[in-house]
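Thank you all for coming.

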Amino acid sequence: AQLLTRWFQFAAFTPIMRVHGASSNTELWNYGNGTMADIISGSVNLRYRLLDYVYSHFAFVEMHHYTVQRGLVLDFPHDANVHNIDDEYMFGGAFLVAPIYSPADGRDVYLPVLARGQWRNFYSGNTAQAAHHTLSGVAITEMPLFVRPSVVVMSPLRRHAFEELLPNDDVLEVRVYDGANSSSVFYQDDGMTGSPHRPYCTIRFAWNDDISSLTIPTATGQRCEQIFSPLRMNITLVAPGHGVGVDPCADPDISLVYYGNETIVPLGADKRFAAGSIQL
């Protein structure tokens, strides 16, 4: 049961997540309600919350021959400490993943040197220095997972990819990991058409760390106007205990509706939303 749970955590950070096997008894319910609950809350729900993150990176693969799951040396070629690491990797532009694959409740992790800023623990929001770390006591629903300065768009929680959500639940959570200027691209199409000529929209999120401001430019793409609809967003500047873990942040710094036009979201020096702007 413990091994299956850890495998699911690794699988959540692979390009295609699926469980299969002939007579392998890998169905979750074969391992008891407790194990099934751990896997769903810690891995399956996380994967669904990363649905748009993964989909956007797949689009980048199609358009720019990107690699979603990469050895550390591709992102940090000048850090000699990563050259022989084969059990940690980057997943997309933001996440450093270090799966636990032994009966232990921890492992050694190396966090590479960043040009600016620090890593943050995904589950706690605490910063971590670029260095070798020995982790222990990692909860069975968590894993060593770190985020570099970046903007991560997290999807609302769904039970399947095409579940129709109520308007109050259909909200993107935008988590800003500060410490350096960064940007990310949110990609959207109809989810069905495979033609390279399909309509699509790309929405860039650009974080200016010097002035603590997030800019969401005008949506662009290929016949974007044919598929675009306003997007509800909760925006959170990640801090210890704030905007962390799998569940949506209960008290985001700002809630807004993005109508496809350039939107600038200032954040205060205390890392919370500066009053008097565009909350809707």
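Ile 203, leaving out residues up to four places away in sequence, touches Ser 184, Val 185, Phe 186, Ile 216, Ala 219, Phe 228, Leu 231 and Tyr 258.

The mean pLDDT of the protein chain is 92, with 95% of its residues at 70 or more. Over residues 271-280, however, the pLDDT is below 50, although this stretch has 31 contacts in the model beyond near neighbours in sequence. Where pLDDT is low, the predicted coordinates should not be read in detail.

Now to the sheets. Four strands, in the order β9-β10-β15-β16, form an open sheet with mixed pairing. Because β9 (150-154) and β16 (254-258) stand at the edges with a single partner strand each, one side of each is left without a neighbour in the sheet. On average, and ignoring direction, neighbouring strands of this sheet are turned by 25° against each other.

Going across it strand by strand, β9 and β10 are antiparallel and pair over five bridges, with Val 151 partnered by Val 176 in β10. Five bridges also join β10 to β15, but here the strands run parallel, and Arg 175 stands opposite Thr 236 in β15. Finally, β15 (residues 231-237) is joined to β16 by five bridges in an antiparallel arrangement, where Ile 235 has Ile 254 as its bridge partner.

Is β10 mostly covered or mostly open? It is mostly covered, since six of its six residues are buried. In a regular strand the side chains alternate between the two faces of the sheet. In β10, Leu 172, Val 174 and Val 176 point one way, while Glu 173, Arg 175 and Tyr 177 point the other way, and all are buried.

Which residues is Gly 243 in contact with, leaving aside its neighbours within four places in sequence? They are Glu 173, Arg 175, Tyr 177, Thr 236, Val 238 and Cys 249. Gly 243 has a relative accessible area of 4%, and with the cut-off for buried set at under 20%, it is therefore counted as buried.

A second open sheet has six strands in the order β1-β2-β3-β8-β5-β6, with antiparallel pairing, and its edge strands, β1 (69-71) and β6 (127-128), each pair on one side only. Within this sheet, β5 and β8 pair over two bridges, and Arg 120 has Val 147 in β8 as its bridge partner.

Last, helix α3 (residues 51-64) has 14 residues and reaches 20 Å from its first C-alpha to its last. Asp 52, Tyr 53, Val 54, Ser 56, His 57 and Ala 59 are buried in α3, and what covers its buried residues includes α2, β2, β3, β9, β10 and β11. Just after α3, His 65 takes a positive phi of about 60°.

Definitions and conventions: Residues are numbered from 1 along each chain as its sequence is written. This is a predicted model: local features need pLDDT of at least 70, side-chain atom pairs count only at pLDDT 80 or more; totals for chains, interfaces and linings use all residues. Side-chain values use heavy atoms; hydrogens and water are left out. Two strands pair if DSSP finds at least two bridges between them. Axes are lines fitted to C-alpha atoms, for helices over the stretch in contact, and angles run from 0 to 180 degrees between N-to-C directions. Contact means heavy atoms within 4.5 Å. The expected span of a helix is 1.5 Å times one less than its number of residues. Buried means under 20% relative accessible area, exposed over 50%, partly exposed in between (1.4 Å probe, protein chains only). pLDDT is the predictor's confidence in each residue, from 0 to 100.
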